[in-house]
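Student: I have a model open and would like to go through it by question and answer. Can we start with how the parts meet and then move to single elements?

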Amino acid sequence: MLQYIKDFIEPAPQPDSSRLVFSNVSRRGFLKVSAAGFAVAAFSADANAFARYKTGGDSMPNGLRYDPHIFVSIDPDGTVTIVAHRSEMGTGSRTSLPMVVADEMGADWAKVKIVQAEGDEPKYGNQDTDGSRSMRHHVQSMRQMGASVRQMLVNAAAERWGVKPSDIKAGVHEVVNGANRAGFGELAEAAMKQPVPAFEELTFKEASEFRYIGKGKVGIYDLHDITTGKAVYGADVVLPGMKIAVIARPPVVGATPVSKDATQTMTVPGVEEVVDLPGSIMPAKFAPLGGVAVIATNTDAAIRGRDALEIEWSDSPHSNYNSENFTQEMRKTAKKPGKILRKEGDPDGAFKSAAKVFGQEYSQAHMVHAMMEPPVAVADVKDGKAEIWAPVQSPYGARGDIAAALNMDIENVRVNVTLLGGGFGRKSKCDYAIEAALLSQKTGIPIRVQWTREDDIHHSFNATTSVERIEVALDNDNKVTGWRHNSVAPSILSTFAPDSGHQFAIESGMGHVDMPFEIPNVSVENGAALAHTRIGWFRAVSNIPRAWAIQSFASELAVELGRDELEMMLELIGSDRTLDPPKQGFPDDFWDYGEIYDEYPIDTARLKNVLKLAAEKAGWGKELPEGEGIGLAVHRSFVTYVASAVRVKIVDGQITVPEIHMGVDCGFAVNPERIRSQMEGACVMGMTVALHSGVTYENGAVAESNFHDYPMVRSTNFPQKVHTHIVEHPFSVHASGIGEPGIPPVPPAIANAVFHATGKRVRDLPMGESI
Amino acid sequence: MATLKINGESRTIDGPDDTNLLWAIRDMAGLTGTKYGCGVGLCGACTVHVDGVAIQSCQATIGDVAEKEVTTIEGLSADGEHPVQVAWRDQHVPQCGFCQAGQIMQAASLLSEKPNPTDQEILEGMSGNICRCGCYERIVAAVRVASTGA
């Protein structure tokens with residue numbers, strides 16, 4: 001996300017054609033090599049074992065890496081060390097990407113060690129862990145590096161034994177030629193000195209040869225450490241002489257301390273120092289909010305010291321921000337024509353000649369990520385160098401921002417990535433790491449900045465708040481002839497550039513302009529709404545309000561027209577086809593998750609398929625007891641297709657969810673076990689979004705503060721059983737991400753189920769636990 | 001200054017009696033397996049055992065636990081093979097893993113009190129522990145596995 005945003009505020013980098021090597025691959029090169037008698041006799045019988053395709057990964061800043069020397073090393077004892085260059089926040093990418101390398105090279109997973117990369121994109125390629133891109137962008141390079149190492153091991157053995165590489169077979173953690181056998185460790189030194197084979201010299205495993213890919217039998221690498229308390233998260237890094245800082249930040253973005261009294265603070269045992277931190281005014285990207293830091297020997301003292309500060313804060317241009325009024329303003333804006341982003345056919349004509357117009361409005365409150373590990377970072381700045389340890393999603397981005405804040409060369413800053421205790425987009429914004437770096441620079445000692453839960457809820461980069469108004473024109477046969485969707489929501493861009501109040505292509509691409517229904521006349525509009533707090537991306541981002549609105553609306557329309565909902569949803573999606581963005585009036589800057597559209601087109605057959613799958617598995621159409629209902633929703637996001645069929649049961653007025661069926665099409669499924677865990681998690685977070693997640697602003701400040709008034713779904717009321725149905729595909733159907741796309745369909749499916757259970761229609765998020 | 005018995009070892013904590021137990025464990029005893037999640041007893045990430053019973057350490061002071069046995073995730077078993085830890089791995093419960101030490105400590109305490117809990121007792125017994133990644137279904141399954149062995 002971060003890197004994509006940069007493209008919108010800075011000139012987009014020119015694609016580096018030298019990186020798109022596979023499009024220039026010459027068949028002649030391959031033949032020449034073959035003639036020379038090397039390598040390729042075992043060229044896969046099925047050329048589709050690995051037919052390369054283009055992803056947006058090549059045009060991400062610093063691109064992708066294919067050199068196995070960067071990612072793989074083998075010790076003489078056979079230990080294979082693989083670098084995890086993406087941040088682990090719970091999706092399993094730290095396990096799944098190295099697992100791809102290991103499987104393709106033939107390594108025994110029990111002998112694989114994973115090391116976490118520091119933030120260094122010139123070395124590792126892009127490390128920005130968000131946008132559900134880890135598997136989507138890196139599965140090919142990981143396979144290629146695995147295949148390269150296998151070939152280098154084979155070539156080394158061929159030299160040793162004086163046989164042709166083609167006569168050598170790679171087994172599990174060993175290579176074999178008749179009676180000759182050699183373990184990976186034994187060959188390691190010679191193998192790693194072999195030239196790295198070109199892509200055309202490589203062979204790739206057939207699906208039937210995979211031992212880990214597609215099997216879902218590998219546990220996450222940190223499983224044992226997590227269950228024994230040994231896993232290291234941000235706050236678990238301890239440096240000699242380190243002190244703890246807890247910071248009083250301005251309650252309203254842009255406010256500054258007018259006066260401060262630290263007398264009481266300095267009496268708290270353990271408090272050593274009170275330090276001012278400079279603030280920032282939006283748009284400030286990830287610059288800290290500023291405030292007053294209390295530095296102490298332990299966290300307890302730092303929190304008590306911070307709470308004892310007496311600070312009078314100035315007003316800010318955002319001191320009048322009140323969410324209730326703001327939502328009313330957005331509602332007014334949504335009823336007026338907005339800036340037209342997509343126009344297909346003649347929407348005005350369709351509405352003018354309509355027999356009937358049906359419209360509804362849906363809203364969503366600001367949300368906070370509230371990952372279980374609040375922001376935290378450790379910094380040691382001394383002797384012209386800075387070293388940071390932090391749970392960050394974008395370690396190289398953080399490194400650049402920290403270097404700029406410290407006025408240091410980026411070469412003198414190192415960012416070490418710990419495990420992330422949840423990320424959800426919040427930890428792409430490194431304000432907390434900049435705070436630690438600035439405080440360490442100022443005090444000359446190692447500093448850990450610890451955010452409290454209250455800090456996290458008060459000083460977020462909020463998910464935006466939105467009003468989505470949808471209207472359809474119907475003819476005399478109740479056919480939908482026109483679609484108008486006006487989305488009004490402050491933009492993430494306001495964090496990065498002067499705020500126009502309008503959304504930009506990334507937000508519009510998330511379920512707004514890419515609306516897949518087969519309707520001849522379409523107007524997709526965006527009314528302006530200025531940001532009055534820091535807006536950022538939250539897992540699935542704008543897809544949440546768009547799926548909420550469109551999928552709730554589809555259900556309402558079916559009810560309005562007396563139609564079966566599944567039938568209505570399938571009819572709206574229409575015929576099997578891929579959408580044609582230019583022909584269908586999509587904007588010129590239409591954003592398909594940063595991909596080349598033709599590689600990841602919007603495919604209505606796949607969309608309908610997951611919907612039918614979830615509905616069928618849930619027993620759509622069956623009789624349910626009084627107080628129960630099933631709701632459906634389907635949404636494509638991050639080029640993955642997900643449908644939810646949620647069964648709701650109302651118990652004493654409380655919304656409960658006994659069962660959810662998730663239909664998932666993420667292309668080739670690399671690690672089905674983590675796909676299932678992500679779907680289960682998405683159902684829980686989706687239920688939290690639906691029932692609970694809303695922060696409100698009063699006079700510019702967030703009113704909520706902790707889990708009592710910003711509650712989470714708990715074990716007493718959560719989706720009791722999640723069934724994940726994964727559509728099976730060969731490798732040729734491009735693998736896509738799974739971290740985010742499970743979320744968007746869940747809230748509307750819950751609302752649709754609530755309607756069927758109670759007859760009550762909910763249009764505003766969060767809906768509350770009772771109905 | 002207080003002396004605490006944590007995981008069977010005596011540790012001297014340099015702080016007043018009202019020093020928060022969670023931060024004493026983390027910052028002063030240097031045992032970082034116990035996590036901070038909310039500081040107000042609403043999330044359970046900081047769950048430890050005091051004389052074998054689960055408490056939220058952010059809601060206790062070192063004075064409260066003087067003369068008592070404090071057990072953290074690091075001391076739950078010598079080798080990481082407590083039945084709850086084994087069940088947790090068997091069910092592949094964690095995603096990010098941050099809340100899991102607290103969940104495991106809560107589950108271990110629940111099972112020592114009620115070796116064969118009903119489903120409802122598991123749900124209620126675990127209700128003080130939030131998992132933002134949403135591992136609840138597997139948490140409940142793991143508690144069941146730890147309790148019945150299947």
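Student: Which element of chain A gives the largest share of the side that touches chain B?

Tutor: This is a predicted model. In it, 48 residues of chain A are in contact with 47 residues of chain B. The elements of chain A that give two or more residues to that side are α8 (223-228), α10 (299-307), α20 (672-691) and β26 (721-726). The largest share, 7 residues, comes from α20(A).

Student: How many residues on the side of chain A that touches chain B are charged?

Tutor: That side of chain A divides by class into 21 nonpolar and 17 polar residues, and the charged residues number 10.
The side takes in 48 residues of chain A. The charged count asked for is 10.

Student: At what angle do α20(A) and α21(A) pack?

Tutor: Two packed helices are described by the angle between their axes and the distance between the axes. For α20(A) and α21(A) the axes are 8 Å apart, and the crossing is right-handed. The angle is about 65°.

Student: How many nonpolar residues does the contact of α20(A) with α21(A) have?

Tutor: From α20(A) come A:A682, A:C683, A:G686, A:M687, A:V689 and A:A690, and these meet A:V746, A:P747, A:I750 and A:A751 of α21(A). By class, this contact has no charged residues and 1 polar residue. The number of nonpolar residues is 9.

Student: Is A:I750 buried or exposed?

Tutor: A:I750 lies in helix α21 (residues 746-758) of chain A. Leaving aside neighbours within four places in sequence, A:I750 is in contact with A:G631, A:V646, A:V648, A:V657, A:M687 and A:A690. The cut-off for burial is 20 or more other C-beta atoms within 10 Å. A:I750 has 31 within that distance, so A:I750 is buried.

Student: How far apart in space are A:I750 and A:Q584?

Tutor: In sequence, A:I750 and A:Q584 are 166 residues apart. In space, C-alpha to C-alpha, the separation is 31 Å.

Student: What distance separates the centres of domain 1 and domain 2 of chain A?

Tutor: Chain A is divided into domain 1 (15-227), domain 2 (235-317 + 375-450) and domain 3 (323-367 + 461-765). The contact between domain 1 and domain 2 of chain A takes 14 residues from domain 1 and 19 residues from domain 2. On the domain 1 side, these are 1 nonpolar, 6 polar and 7 charged. Taken over C-alpha atoms, the centres of domain 1 and domain 2 of chain A are separated by 39 Å.

Student: What is the radius of gyration of chain B?

Tutor: Chain B has 5 helices and 5 strands, in the order β-β-α-β-β-β-α-α-α-α along the sequence. The globule rule gives 15 Å for 150 residues, and chain B comes close to this, so chain B is as compact as a globular protein of that length. Of its 150 residues, 61% count as buried. The radius of gyration of chain B is 15 Å.

Student: Which strand gives the most to the side of domain 1 of chain B that touches domain 2 of chain B?

Tutor: The assignment for chain B gives domain 1 (2-75) and domain 2 (83-148). Between them, 15 residues of domain 1 of chain B are in contact with 12 residues of domain 2 of chain B. On the domain 1 side, β3 (47-50) and β4 (53-56) of chain B each supply at least two residues. The most, 3 residues, comes from β3(B).

Notes. Residues numbered from 1 in each chain as written. Chains lettered and ligands numbered in written order. Predicted model: local features only at pLDDT ≥ 70, side-chain atom pairs only at ≥ 80, totals over all residues. Contact = placed C-beta atoms within 7 Å. Helix = DSSP H or I, 4+ residues; strand = E, 2+ residues; numbered from the N terminus. Nonpolar A, V, L, I, M, F, W, Y, C, P; charged D, E, K, R; others polar. Buried ≥ 20, exposed ≤ 12 C-beta atoms within 10 Å, placed from the backbone. Axes fitted to C-alpha atoms, helices over the stretch in contact; angles between N-to-C directions. Left-handed = near helix turned anticlockwise from the far one by under 90°. Rg over C-alpha atoms; globule rule 2.2 N^0.38 Å. Domains from an automatic or database assignment.
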